[in-house]
Amino acid sequence: MIRLVTLSEFPPDVIDFIARRVHAAYGMGCEFEGEGEMPSGALDEEQSAYNAVKVVEEIDDDVALYADDKILYLTREPLTAPEGPMGRGPVDGYAQYGGGKAVITSHGLGEKGLPPLEVGLAKRAAHYVGHLWDLHHCFDPRCAMHPGWSPGFAAYPDVALCLFDREKSERKIKLGST
Amino acid sequence: MASKQPQEPVIGDGSLHVGDRVVYPNQGICRITGVSVKQIAGRDWEVVTLRREEDGATVMVPRGKVMGIGLRKVADIDAIDKVFDLLAAPGNDPQLDWKIRHRENADLMSGGGLFGTVAVLKSLHALSRVRPLPQKERELYDNARHLLVGEIAAAMNIPLHVAEDNLDYALWPPPGMKRKGQVLPPATLGPPAPVVRAAEEEIGLEEDEEEAAPPPPVAAEEEEEEGEEKAAPAPPPHVPKAETPRAKAKPARHPRPAPHPAKKAKPAAKKPAAKKAPPKKAPKKKAAAKKAAAKKTKGKR
């Protein structure tokens with residue numbers, strides 16, 4: 001089961017849209033679990049964005065997970081990530097690879113060159129749930145696992161996985177302990 | 001202190017120790033947990049035991065083969081820096097001969113070297129921009145990416161997700177991304193057209209045929225296009241869904257039906273020749289008429 005937890009206010013129809021799209025992409029149940037709050041300790045030094053890694057690690061919620069359950073946190077706040085070898089780049093979420101928690105943001109959606117809120121957020125949700133199932137980035141611009149900053153993200157708003165990623169996620173889900 | 005030294009087992013060439021994080025070719029990051037003796041097929045084998053970090057699986061390697069299989073320490077930060085230099089550098093044209101490509105990639109992966117894995121990832125990434133990868137190479141691409149992400153994360157002590165994002169900042173640079181002060185060209189929408197069509201265009205077959213063929217009437221062209229669509233073989237299994245958006249992006253890329261008017265124009269050109277034949281027979285008819293007239297004159301006589 002994939003559980004959605006909101007850390008900001010989202011219209012119910014947007015949450016419903018995301019749940020249906022994620023369910024269609026992975027064939028797993030996906031439902032709204034409740035609301036939470038962003039951990040204040042996750043704010044970065046400039047106080048302008050939240051460190052996505054800290055958000056996932058420090059968040060305090062009462063969601064009970066069973067076996068292979070996954071939690072996806074949704075927020076409107078801008079996110080950032082630790083600086084890597086290429087410096088800082090665009091960050092629209094963070095997932096624990098092969099783990100249970102991920103966070104995505106709707107920040108920037110609906111602006112020029114990016115899809116509208118519900119479509120963009122659903123695609124990001126499918127992308128980060130894929131990372132929770134150990135999927136890597138895909139070169140196919142139509143696949144939900146394509147990097148979110150690439151032009152393919154806006155050009156193909158359908159929330160779909162390529163054949164390879166779909167089969168890989170199905171294998172992982174079947175091997176899961178649920 | 002002196003009593004501890006004999007207890008430390010020598011692994012490989014002596015550079016590896018129990019507790020080290022190492023890279024096992026095609027398996028990923030492992031940690032050496034110890035050296036033990038196992039009885040296998042009635043023989044005692046001294047094996048080095050490794051624990052794969054990804055899933056906790058135990059791997060045992062005969063002590064004498066540790067260096068032979070390519071077991072090595074996790075790369076240092078300088079090596080990772082060179083990896084990103086390579087990833088961000090403009091790529092060469094992909095190897096299009098699948099036999100050569102397969103052999104090269106298999107050798108590089110089984111070698112277990114960091115830069116070999118980078119080379120495989122980069123070459124398959126370049127190929128994926130030209131055409132969809134076959135299933136086996138898609139798996140190899142994913143495997144190379146998995147190993148590289150794991151090693152970058154282990155070497156730099158960053159989460160796997162951050163490592164993969166950085167890897168793709170080099171392969172698919174977002175606008176404004178820099179590497180050592182140099183702005184990288186931002187990623188474009190790919191993959192572009194399949195190689196086969198591009199090759200046809202380079203040869204200029206379509207242009208030649210268009211030039212050779214007289215402009216057929218519009219209605220006839222439409223009929224021929226329909227006929228071609230029915231007769232055309234089914235597209236390869238990995239292409240199908242891609243066609244619609246691509247067709248939208250490049251509507252001018254539809255001139256494939258153009259060759260057919262030329263092909264079908266040839267029989268049309270023969271028909272007039274067949275029609276010209278009857279006039280040659282006409283003299284025979286005239287001769288027959290002359291014969292008949294001669295008979296009539298004979299009869300009158």
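Two strands count as paired once DSSP finds at least two bridges between them. With that in mind, here is a set of close-up views of a predicted model.

**Figure 1. Strands β4 and β7 of chain A lie side by side and run parallel.** Welcome to the sheet of chain A. Strand β4 (residues 70–75) of chain A is joined to strand β7 (residues 101–105) of chain A by five bridges. To find your place in the pair, look for Ile71(A), which stands opposite Lys101(A) in β7(A).

**Figure 2. The sheet of chain A is open and has five strands.** Reading across, the order is β2-β1-β4-β7-β6 (chain A), and the pairing is mixed. At the edges are β2 (30–35) and β6 of chain A, each of which pairs on one side only. On average, neighbouring strands of this sheet are turned by 20° against each other, with direction ignored. Which strands does helix α3 (residues 117–132) of chain A lie across? They are β1 (2–6), β4, β6 and β7 of chain A, and the helix runs at about 155° to β7(A).

**Figure 3. Chain A as a whole has five helices and seven strands.** Stepping back for a moment, you can follow the elements of chain A from the N terminus in the order β-α-β-β-α-β-β-β-β-α-α-α. The C-alpha trace of chain A spans about 40 × 35 × 35 Å along its principal axes. How does the radius of gyration of chain A fit a compact globule of 178 residues? Such a globule would have a radius of gyration near 16 Å, and chain A has 15 Å, so the two agree.

**Figure 4. Chain A and chain B meet through 25 residues of chain A and 33 residues of chain B.** On the side of chain A that touches chain B, β6 (93–95) and α4 (151–155) of chain A each supply at least two residues. The largest share of that side, three residues, comes from α4(A). How many residues of the side of chain A that touches chain B are nonpolar, polar and charged? The count is 17 nonpolar, eight polar and no charged residues.

**Figure 5. Chain B is divided into two domains, domain 1 (15–73) and domain 2 (77–183).** The centres of these domains of chain B, taken over C-alpha atoms, are separated by 26 Å. Where they touch, domain 1 of chain B gives eight residues and domain 2 of chain B gives eight residues. On the domain 1 side of this contact, β1 (21–24) and β2 (28–40) of chain B each supply at least two residues. By class, that side of domain 1 of chain B has three nonpolar, three polar and two charged residues.

**Figure 6. An open sheet of five strands in chain B is antiparallel.** The strand order is β4-β3-β2-β1-β5 (chain B). Its edge strands, β4 (58–62) and β5 (72–73) of chain B, each pair on one side only. Within the sheet, four bridges connect β1(B) and β2(B) in the antiparallel sense, and Val22(B) stands opposite Cys30(B) in β2(B). Helix α4 (residues 135–156) of chain B packs on this sheet and touches β1 and β2 of chain B. The direction of α4(B) makes about 100° with that of β2(B).

**Figure 7. Strands β3 and β4 of chain B form a hairpin.** Five bridges join β3 (residues 43–52) of chain B to β4(B), and the two run antiparallel. A handy landmark is Val48(B), which stands opposite Val61(B) in β4(B). Five residues lie between the strands, and Gly56(B) in the turn has a positive phi of about 80°.

**Figure 8. Helices α2 and α3 of chain B pack with their axes 8 Å apart.** Helix α2 (residues 98–111) and helix α3 (residues 114–130) of chain B make an angle of about 145°, and α2(B) passes α3(B) in a left-handed crossing. Which residues of α2(B) meet α3(B)? They are Asn105(B), Leu108(B), Met109(B) and Gly111(B), facing Gly116(B), Thr117(B), Ala119(B) and Val120(B) in α3(B). By class, this contact of α2(B) with α3(B) holds four nonpolar, four polar and no charged residues.

Conventions. Residues are numbered from 1 along each chain as its sequence is written. Chains are lettered from A and ligands numbered from 1 in the order in which they are written. This is a predicted model: local features need pLDDT of at least 70, side-chain atom pairs count only at pLDDT 80 or more; totals for chains, interfaces and linings use all residues. Domain bounds come from an automatic or database domain assignment. Two residues are in contact if their C-beta atoms, placed from the backbone, lie within 7 Å. Ala, Val, Leu, Ile, Met, Phe, Trp, Tyr, Cys and Pro count as nonpolar, Asp, Glu, Lys and Arg as charged, and the others, Gly among them, as polar. Axes are lines fitted to C-alpha atoms, for helices over the stretch in contact, and angles run from 0 to 180 degrees between N-to-C directions. A crossing is left-handed if the near helix is turned anticlockwise from the far one by less than a right angle, and right-handed if clockwise. The radius of gyration is taken over C-alpha atoms; the globule rule is 2.2 Å times the number of residues to the power 0.38.
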